[in-house]
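Me: Could you take a close look at one helix in this protein for me, and tell me what packs around it? I would like some sense of the whole chain before the details.

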Amino acid sequence: MSSNGKGIINPDVMKLGYIEISMLVMVLSAVVLFVTGSSRRRGCCGAIAFVQWLSYTLVFNQLFTFTIGQMQDATFQNELLPLWGVFMVIVFGQVNSFSAYSPEDNEQWKKYCWIFFLQSTFVAVMVALYILTTLSGFWALPIALFMGIEADEKIAALKMAARSSLAENTKPISAFMASEHRISIVGEPDPIQMNGYNYLVTGDRVEMFKVMRPQYQIQLNVARDEVVTLQKIWQCQGRLLRGETGQQLKDICFSFALFKLLLRRFGGQPFSESGLDKTWKLVRNGLLENEGDYERALRVIEVELSFLFDLFYTKYAVIFQGGQGFRRCKVLSTLFLIGLGVFIAREYLINYTPKPNEFHLITTNGVNVDTLVTGILIVGILFMAIAQSLCLVLSDWAMVLLICNYVRGINDGNYLMLLLAKMVLLRHRWLKPWGRKLGQYSLLKSFHRDPLKYKFRLFIRGLADDPRLGRTGSSKIELPEEVKKAMILNLRTINDRKLSNGEKSLQQNNVRDELLWASELETPTRVILVWHIATSLCEIATRPNSLRNVNFVVATRLSDYCAYLVAFAPRLISDNATDSDFIFDHVLLDCRGSLKECKSDRDKYEKIMNNLGRQETIIHEGARLARDLQKLQNGSDFMWKVLADFWAELMLFVAPSGDPRAHVEHLAEGGEFVTHLWALLSHAGILNNG
């Protein structure tokens, strides 16, 4: 039966049309999630973020259920309906690069498990009824195995990133690190050659650990071949790990080992090694041995955070960390899917002839729309299967596995492996793990912005909350080289792993007596806002003469970045984001009340400086500080040096204070520079700013 009759549209035509459109939308959504999934950690525009949210939350849940209902409610027969139902289940779990939209999705892994179970049951019933009534379609039986493998990967990926699983899975690593320094005694630890650093890369499966009774302590024999540590990798003399390429491959494993250690912050496990000298030396004398090592340090942390992103938002972690069983199943399922695609293409595209009693959509010129839709679905699914296999092979996860097998002597580092390694490193240069953007927000330039004008734009970004007063007008710039150098140089000069809220830089510049009051305010939020306002006022006063000053760039960029964090991401720098929001909201109200008639930056400067001393607000504290800064001897160049040194020190001071979950949430929005500092300080043993 065809649909080319005239008159009122046949209800069956509409129903089948709805089903086919839904199928195409689901496959298109899966392709979009696959293509754009990993790009989230580098940042993407609001429209793409909205499409990702729409595809993940609506298409794979509501639209899936709607389409199954339409198929079961159909009064006509169509041999392709069971096939499309199976395709939907495959698409549901096929996307490797997008397993969760937010960390909350991981916590709801049981809900997704039940959703998939019910949806699979509906499809299975539909397929079973078709087989029983037509005595054909037995090809669907082996597909059930493939459906189970893909779904199991997705559910396992969600469960692995849930809080309860992280607490359990990081326990062995935490227990091992509590005694690692005792089993790594080889004299003075050497962070350059990694002597004395038995940080685990692979071999940390639960069955590898031994429970020592009656203390019930966990121990691991690092001498076993299955256990690969940083020390073993650095001691390997194979040609693959020599030269510049070899060092970069070692650094990927270094990032992976650090990633495993950082997971303890999400599992609530202690950093037992934080008080050891070797921990500080690993960062200070290893990653940051020379002043010019800031690029290597940033690259190592970037790759580490890319592993962290993959754990929370993709299936890569469960594929490579779930054991050989997962990897073998992945290979077999991919080969099976390709074979299935070839079989279906032959049976339902090339040799397909509709049965006389079936209903199909056929155009006026005789084209069977059903087979056309089936072909598009097959192409989409096969494209993802082949492309995702290539992405897995060229992933950092695969490279860590290959290098560890190379160190263990399982593979010999042939030319194919060397080529693969170079392709992975080339991918690093083309697609950096992080976009290296720095958020910017100026309070004096943005306090008057009306958030109502930005509601639609924020809705497109997928944000549920209404934009708040003055929290508009932010932007992101390329992370300046001057800022990277200033931050790393400041980190290298930390003594005894004690962070300073700026007092140390004031002391070094001999301006402690004049400016210390502004760094001793009650909360970090107040300190940031006072110094941000002062920096903005100094910028207005001296900008034409200071644009090429390196210290001017560092001070203004870090000032605007810290203000951006206070306005848009207070959980990254404050233990109490509610208090931070409260202070910032009232400072905005003060600005609106006192500066509403000012048209230019110069007008704002004159109004604030002329009202100095008339009332006590954060605005006027900032004006007082600006006056004290401009009164310093040695001119504006020295003033900007004082500000640059202060902001670099304050940036490190607030970095360890953030909520670990907030850092993960921002990784899916492009990541933040403060997250890289937070991770770097964690590995240096600096877990708080106390």
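Reply: Happy to! The protein chain holds 31 helices and 6 strands. Do keep in mind that this is a predicted model. Of the 690 residues in the chain, 57% are buried. The accessible surface comes to about 30100 Å², and carbon and sulfur atoms account for 57% of that area. Sequence separation is worth a glance too: among contacts between residues at least 6 apart in sequence, 81% join residues at least 24 apart.

Now to the helix I would pick, α13, which covers residues 294-313. Let us take its partners one by one.

One partner is helix α31, residues 673-683. The axes of α13 and α31 come within 10 Å and cross at roughly 100°. An angle from 65 to 115 degrees counts as roughly perpendicular, so α13 and α31 are described as roughly perpendicular to each other. On the α13 side, the residues that meet α31 are Leu298, Ile301, Glu302, Glu304 and Leu305. They face Thr675, His676, Ala679, Leu680 and His683 of α31.

Another partner is helix α17, residues 396-408. Here the axes lie 11 Å apart and the packing angle is about 110°, so α13 and α17 are again roughly perpendicular to each other. From α13, the contact uses Val303, Ser306, Phe307 and Asp310. From α17, Asp396, Trp397 and Val400 take part.

Arg436 sits in the loop between α18 (415-430) and β5 (437-440). Leaving aside neighbours within four places in sequence, Arg436 is in contact with Glu295, Leu298 and Glu302, among others. Is Arg436 buried or exposed? Its relative accessible area is 11%, and buried means under 20%, so Arg436 counts as buried.

Trp114, Phe117, Leu118 and Phe122 make a nonpolar surface patch of about 450 Å². Leu118 belongs to helix α5, residues 109-134. With a relative accessible area of 44%, Leu118 is partly exposed, whereas Arg436 is buried.

Notes:
Residues are numbered from 1 along each chain as its sequence is written. This is a predicted model: local features need pLDDT of at least 70, side-chain atom pairs count only at pLDDT 80 or more; totals for chains, interfaces and linings use all residues. Side-chain values use heavy atoms; hydrogens and water are left out. Patches are made of residues with over 30% relative accessible area and no salt bridge: like charges are joined within 9 Å, nonpolar side chains (Val, Leu, Ile, Met, Phe, Trp, Tyr) within 5 Å. Accessible areas come from the Shrake-Rupley method with a 1.4 Å probe; for residues, only the protein chains shown count as cover. A salt bridge is a side-chain nitrogen of Lys or Arg within 4 Å of a carboxyl oxygen of Asp or Glu. Helices (H or I, at least four residues) and strands (E, at least two) are DSSP runs, numbered from the N terminus. Buried means under 20% relative accessible area, exposed over 50%, partly exposed in between (1.4 Å probe, protein chains only). Axes are lines fitted to C-alpha atoms, for helices over the stretch in contact, and angles run from 0 to 180 degrees between N-to-C directions. Angles under 35 degrees count as roughly parallel, over 145 as roughly antiparallel, 65 to 115 as roughly perpendicular and the rest as oblique. Contact means heavy atoms within 4.5 Å.
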